[in-house]
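This briefing goes through one protein model, topic by topic. Please keep the sequence and the structure at hand while reading.

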Amino acid sequence: MKILLLRPGMGVIPNTIPPLGLLSLAGYLRDGNGHHEIRIVDCRQLKFPLERAEQEIRAFAPDLLGLTGFSVEKKVIHETAWVAKNVNPKLPVVVGGPYATASHENLLKDANIDFVVVGEGEAVFKDFIARFEIAGMKDEYGDLQSFAYRGPGGAVRSNTQREFIPDLDSIPMVAWDLIDVEAYFSRKVRASMNLHRKSRRVLPILSTRGCPYRCTYCHDVFGKKLRKRSVDHVLNEIKYLYQHFGIKEIEILDDIFNADKERAKAIFDGVIQNEMKLGFSFPNGLRADLMDEELVDKMKEAGVYRLIYAVESGSPRIQKLMKKNLDLEKAKHIIDYTARKNISVGGFYMMGFLDETEEEVRMTIDFACKTRMHTAAFFILQPFPNTEIFQQALDRGIILPSTDEEGGTHYNRVTRNISNIPS
């Protein structure tokens with residue numbers, strides 16, 4: 001079976017890190033099963049417009065097309081599905097990733113999209129492929145968990161959620177051989193979430209999935225239970241990337257890498273003991289009140305030179321309302337300690353929470369200014385469908401569209417004001 005996994009291109013997201021989701025799907029699907037021909041096309045990295053994506057689909061002539069993307073990429077996902085059906089009206093199109101997980105019902109209103117993988121994709125996609133080879137487009141997916149599709153008459157069928165993969169070590173290494181890794185080191189692209197990287201030879205990894213916290217604004221792609229790869233499993237991947245590709249840096253993209261401090265320390269002990277001369281960055285954010293000075297010291301010794309602390313708000317009231325409940329006093333202490341260790345420190349902040357006042361926004365700005373952090377990024381809250389804050393706003397009578405007709409969700413300007421601050 002010929003399977004094309006494609007990440008559409010779009011100017012909204014400036015970085016072009018390798019598509020870890022598609023690479024992991026491919027690695028999991030082909031593990032012990034060599035009868036699929038899988039191709040990955042990263043249109044974002046290749047800067048392919050829709051016309052070129054169409055050429056790739058036509059040239060490969062897949063039996064199945066898989067698309068992925070964030071909610072901010074919804075417009076180009078639907079456009080790519082339309083292009084695919086224009087090439088071959090009978091080509092099955094399946095979509096996964098954050099947008100699919102948050103908005104699968106709206107996504108399936110598009111006649112060009114046939115199936116949706118909801119949440120963690122590897123096991124679901126593998127089971128779907130096995131079923132699809134037998135059933136094709138027939139309505140035989142009612143018991144396939146974490147899966148959505150259109151039934152008779154076009155009615156959307158959304159199945160119950162599947163248990164997440166408990167043992168992350170059972171997932172094979174992502175299929176690095178299916179992309180041109182060297183192309184991501186080019187000067188023509190920024191293949192990193194880290195704006196302050198020291199080398200172009202940088203690759204990302206994920207060492208955990210899920211998060212035990214219940215922040216009201218956050219997605220639920222990987223669940224609310226922290227699952228961890230073993231220390232050896234993580235170190236083996238770092239060694240592979242270091243030795244096979246000659247990388248100079250690793251960026252760790254976990255939602256909450258430091259939730260298990262002892263494990264985090266053990267990983268960096270392993271880096272130090274193996275004498276891997278690498279730089280490390282954490283562009284996706286760490287939880288500041290879970291850090292301690294010993295972990296910061298080990299990170300520094302192992303090569304960590306840049307990290308972000310996700311603070312979100314300097315208001316204790318807003319911290320409680322959004323259910324992050326960050327200890328701001330501990331956060332300030334560890335931010336300042338990290339900076340004193342000559343690690344570049346950034347902060348993530350949001351404004352525009354439900355009922356937030358102008359005074360509370362100023363508290364957030366003041367918190368950032370009174371720490372020793374080197375950079376601070378301020379974003380406008382966007383209440384995405386299937387998040388608690390989205391439902392809270394609806395319960396207040398605030399009308400929020402479940403789709404963005406213009407395809408223009410932004411984090412740096414107000415598009416959905418649910419605060420007490422006039423727009």
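The model is a predicted one. Helix 1 packs against helix 7 with the axes 9 Å apart, and nine of the 11 residues of helix 1 are buried. The largest nonpolar core has 79 residues. Positive phi values occur at Glu312 and at Lys323, neither of which is a glycine.

**Helix 1 and its surroundings**

- Helix 1 spans residues 20-30 and helix 7 spans residues 122-135; the two pack at an angle of about 50 degrees, and their axes are 9 Å apart.
- This angle makes helix 1 oblique to helix 7, since angles under 35 degrees count as roughly parallel and 65 to 115 as roughly perpendicular.
- The crossing of helix 1 with helix 7 is right-handed.
- On the helix 1 side the contact is formed by Ser24, Leu25, Tyr28 and Leu29, and on the helix 7 side by Glu122, Ala123, Phe125, Lys126 and Ile129.
- By class, this contact of helix 1 with helix 7 consists of six nonpolar residues, one polar residue and two charged residues.
- Because nine of its 11 residues are buried, helix 1 is largely enclosed by the rest of the structure.
- The buried residues of helix 1 are Leu20, Leu22, Leu23, Ser24, Leu25, Ala26, Gly27, Tyr28 and Leu29.
- The cover over these buried residues includes helix 7 together with strand 1 (2-7), strand 2 (37-42), strand 3 (64-68), strand 8 (202-205) and strand 9 (208-209).

**Helix 10 and helix 12**

- Helix 10 (residues 293-302) packs with helix 12 (residues 328-340) at an angle of about 30 degrees, with 10 Å between their axes.
- Helix 10 and helix 12 are therefore roughly parallel to each other, as angles under 35 degrees count as such.
- Helix 10 and helix 12 cross in a right-handed way.
- Glu293, Val296 and Asp297 of helix 10 make the contact with His333, Ile334, Tyr337 and Thr338 of helix 12.
- Sorted by class, the contact of helix 10 with helix 12 has three nonpolar, two polar and two charged residues.

**Nonpolar cores**

- Within the largest nonpolar core, of 79 residues, those with the most contacts are Phe125, Phe128, Trp176 and Tyr309.
- Apart from that core lies another one, of 24 residues, among them Phe60, Leu67, Ile113 and Ala148.
- Leaving out residues up to four places away in sequence, Phe128 touches Leu64, Phe115, Tyr141, Leu144 and Phe147.

**Leu144**

- Leu144 belongs to the loop between helix 7 and strand 6 (147-150).
- With a relative accessible area of 4%, Leu144 is buried.
- Beyond its neighbours within four places in sequence, Leu144 is in contact with Asp127, Phe128 and Asn159.
- From C-alpha to C-alpha, Leu144 and Phe125 are 9.8 Å apart in space, and they are 19 residues apart in sequence.

**Positive phi angles**

- Most residues other than glycine have a negative phi.
- Glu312 is not a glycine, yet it has a positive phi of about 75 degrees.
- Glu312 is placed in strand 13 (residues 304-312), and with a relative accessible area of 7% Glu312 is buried.
- Lys323 is likewise not a glycine, and its phi is positive, at about 65 degrees.
- Lys323 sits in the loop between helix 11 (316-321) and helix 12, and at 36% relative accessibility Lys323 counts as partly exposed.

- Not counting residues up to four places away in sequence, Lys298 touches Lys265, Phe268, Asp269 and Ile272.
- Lys298 and Thr371 are 73 residues apart in sequence, and their C-alpha atoms are 22 Å apart in space.
- Glu262 is in helix 9 (residues 261-273), and with a relative accessible area of 54% Glu262 is exposed.
- Glu262 is 92 residues from Leu354 in sequence and 36 Å from Leu354 in space, C-alpha to C-alpha.

Methods
Residues numbered from 1 in each chain as written. Predicted model: local features only at pLDDT ≥ 70, side-chain atom pairs only at ≥ 80, totals over all residues. Heavy atoms only, no water. Axes fitted to C-alpha atoms, helices over the stretch in contact; angles between N-to-C directions. Helix = DSSP H or I, 4+ residues; strand = E, 2+ residues; numbered from the N terminus. Parallel < 35°, antiparallel > 145°, perpendicular 65-115°, else oblique. Left-handed = near helix turned anticlockwise from the far one by under 90°. Contact = heavy atoms within 4.5 Å. Nonpolar A, V, L, I, M, F, W, Y, C, P; charged D, E, K, R; others polar. Core = buried A, V, L, I, M, F, W, Y, C linked by side-chain atoms within 4.5 Å. Buried < 20%, exposed > 50% of the residue type's maximum accessible area, 1.4 Å probe, protein only.
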